[in-house]
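Trainee: I have the sequence and the model open, and I'd like to talk through them with you. Shall we start with how the strands are put together?

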Amino acid sequence: QYAGSDARYAAAARRTAEAYGDARLYLRLPTAPAEPSGMPVENIPWIGRSPSRTKAEVRQALQLPDSRPMVLLSFGGHPGIPVGELADSPWAQRVHLVGGRQLAATDRGILAVDEDGLAASGVEYIDLVAAADVVVSKPGYGMLTDCLFARSRLVYLARPDFPEASLLLEPTMQRLLGAVPIAPEQRSAEGVANAVDDALSRPKPHHAERMDGVAVAVKRLRQLLE
């Protein structure tokens, strides 16, 4: 799908196909696509990371002064939402907006997260996800599994140009997390606030998924290498 706009994607697809051709086994994660033709496949549980700090410990590390809900804005790059308008809105006074350094460097009303400093004190990013009352992010395997392992509410930006999102990630996020989508036409400060309020009105996820994919994969790989 991407090759039509950038030939580099076609080259990457060819290299990936060649790598799959040399593989002996396809360990398929729950959201992964169907196995390549003719390759043996084994389904394995989720692989992710688990929080090691309580919500109270994280809020203390962030020095949050009261019990207002914590909303974590989690984006690797530009968020695609009007962060400044959201932070300046009256709604923002009812929550604690917490964001990474890229967001907080330019936007008022958002608590800057010094990830290096927190890590030095034993607080990892997965702990922030677990401590948040709602996470606002883009769909991707990393954020999906963070919220699954932390049992966190999720508001996500719909990404119609990202095939994996609509085909694999979004149905899983909605089924297991009760995740609330924000459509492209709803990416206003009001739209984001409404989606967060919707998520806050829902109970925290309580799925029964197996989360021991690392142990299963390691055991299977050791068998292959024997």
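Trainee: How many bridges join strand 3 to strand 6?
Mentor: Four bridges join strand 3 to strand 6 (residues 134-137), and the two run parallel; strands here are DSSP runs (E, at least two residues) and helices are DSSP runs too (H or I, at least four), numbered from the N terminus. Within strand 6, the bridge partner of S74 is S137. Please keep in mind that this is a predicted model, where local features need pLDDT of at least 70 and side-chain atom pairs count only at pLDDT 80 or more, while totals for chains, interfaces and linings use all residues. Residues are numbered from 1 along each chain as its sequence is written, and side-chain values use heavy atoms, with hydrogens and water left out.

Trainee: And which strand order does the sheet have?
Mentor: Six strands form an open sheet in the order 5-4-3-6-7-8, with parallel pairing, where two strands pair if DSSP finds at least two bridges between them. Strand 5 (111-112) and strand 8 stand at the edges with a single partner strand each, so one side of each is left without a neighbour in the sheet.

Trainee: Back to strand 3, then: are its residues mostly buried or exposed?
Mentor: Five of the five residues in strand 3 (residues 70-74) are buried, which is to say under 20% relative accessible area, with exposed being over 50% and partly exposed in between (1.4 Å probe, protein chains only). On one side these are M70, L72 and S74, and on the other V71 and L73.

Trainee: Why two sides?
Mentor: In a regular strand the side chains alternate between the two faces of the sheet.

Trainee: Switching topic, where is confidence lowest and where is it highest?
Mentor: Mean pLDDT (the predictor's confidence in each residue, from 0 to 100) is lowest in helix 4 (residues 101-104), at 62, and highest in helix 9 (residues 189-200), at 96. The chain averages 88, and 94% of the residues score at least 70.

Trainee: Which residues of helix 9 are buried?
Mentor: They are A189, G191, V192, A193, A195, V196 and A199. What covers them includes strand 3, helix 3 (83-88), strand 6, strand 7 (154-157) and strand 8 (180-182), where contact means heavy atoms within 4.5 Å.
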